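Thanks for coming. I will go through one structure today, and I will stay with what can be read off the coordinates.

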Amino acid sequence: MINETDLEAWDYWDEDVDITMNYYQNQAAKTAIYKSEHAVIYPALGLAAEAGEVANKVKKILRDGKFDRKAIADEVGDCLWYIAALCRDLNVDMSDLAQGNLEKLQDRKSRGVLGGNGDNR
Ligand SMILES: [Mg+2]
């Protein structure tokens with residue numbers, strides 16, 4: 001399982017680079033080369049596939065007893081690329097999306113409905 005040593009050994013990023021979500025979204029768009037008629041569908045399916053890759057790497061913690069933090073993080077990064085592409089196709093700024101999501105969660109927290117079910121809590 002994951003222990004403190006695993007977490008402390010984390011040095012995935014050597015440099016202290018801080019980029020904005022919209023900068024990332026714009027840069028990611030430069031490598032989004034799928035056909036326009038596949039907009040939304042292509043990145044949505046890609047996101048689902050990459051989320052599966054994250055789950056598979058995490059599953060290997062159970063199978064192999066090894067926590068490969070970099071491999072998991074790499075797959076999360078792949079998810080991020082598809083999220084950026086999906087946002088672009090939906091004409092949504094990632095930073096606006098992030099802010100809106102934080103506000104939604106803070107609202108749910110303040111109303112005591114973080115737990116439970118339903119999109120419109
Ligand atoms: Mg991947």
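Cys79 lies in helix H4. Keep in mind that this is a predicted model.

Now the whole chain. The protein has five helices and zero strands, so from the N terminus on the order of elements reads α-α-α-α-α. Buried residues make up 9% of the 121 residues. Of the contacts with a separation of 6 or more, 73% are between residues 24 or more positions apart.

Next, the core. In soluble globular proteins, nonpolar side chains tend to be buried together. Which residues make up the largest nonpolar core here? There are eight in all: Trp81, Tyr82, Ile83, Ala84, Ala85, Leu86, Cys87 and Met94. Helix H4, residues 69–89, gives the largest share of this core, with seven residues.

What does Cys87 touch, not counting residues up to four places away in sequence? The list is Gln25, Val92, Met94 and Leu97.

On to helix packing. Two packed helices are described by the angle between their axes and the distance between the axes. I have two pairs to show, and H2 is in both.

From H2, the contact uses Tyr24, Gln25, Ala28 and Ala29. From H4, it uses Trp81, Ala84, Ala85, Cys87 and Arg88. By class, this contact of H2 with H4 has seven nonpolar residues, one polar and one charged.

The second pair is H2, residues 21–29, and H5. These two pack at an angle of about 135°, with their axes 7 Å apart. How are they oriented, then? Antiparallel would need an angle over 145 degrees, so H2 and H5 are classed as oblique to each other. On the H2 side the residues are Met21, Asn22, Tyr24 and Gln25. They meet Met94, Ser95 and Ala98 in H5. By class, the contact of H2 with H5 has four nonpolar and three polar residues, and no charged ones.

Staying with H5, its length can be checked. Helix H5 covers residues 94–110, which is 17 residues. At 1.5 Å a residue the helix should span 24 Å, and its end C-alpha atoms are 24 Å apart, so the two values agree. H5 is also hardly covered: one of its 17 residues is buried.

Just after H5, Gly112 takes a positive phi of about 70°. Val40, at about 70°, is one of them. Val40 is found in the loop between H2 and helix H3, residues 41–64. With 12 other C-beta atoms within 10 Å, Val40 is exposed, because 12 or fewer is the cut-off for that class. Asn91 is the other, with a positive phi of about 55°. Asn91 sits in the loop between H4 and H5. It has 6 C-beta neighbours inside 10 Å, so Asn91 counts as exposed too.

Last, the segment after H5, where Arg121 is placed. Is Arg121 buried or exposed? It has 12 other C-beta atoms within 10 Å, so Arg121 is exposed. What does Arg121 touch, not counting residues up to four places away in sequence? The contacts are Arg108, Val113 and Gly116. Arg121 and Arg111 are ten residues apart along the chain, and their C-alpha atoms are separated by 9.3 Å.

That is what I have. Questions are welcome.

Key
Residues numbered from 1 in each chain as written. Predicted model: local features only at pLDDT ≥ 70, side-chain atom pairs only at ≥ 80, totals over all residues. Helix = DSSP H or I, 4+ residues; strand = E, 2+ residues; numbered from the N terminus. Expected span 1.5 Å × (residues − 1). Buried ≥ 20, exposed ≤ 12 C-beta atoms within 10 Å, placed from the backbone. Core = buried A, V, L, I, M, F, W, Y, C linked by C-beta atoms within 7 Å. Contact = placed C-beta atoms within 7 Å. Axes fitted to C-alpha atoms, helices over the stretch in contact; angles between N-to-C directions. Parallel < 35°, antiparallel > 145°, perpendicular 65-115°, else oblique. Nonpolar A, V, L, I, M, F, W, Y, C, P; charged D, E, K, R; others polar.
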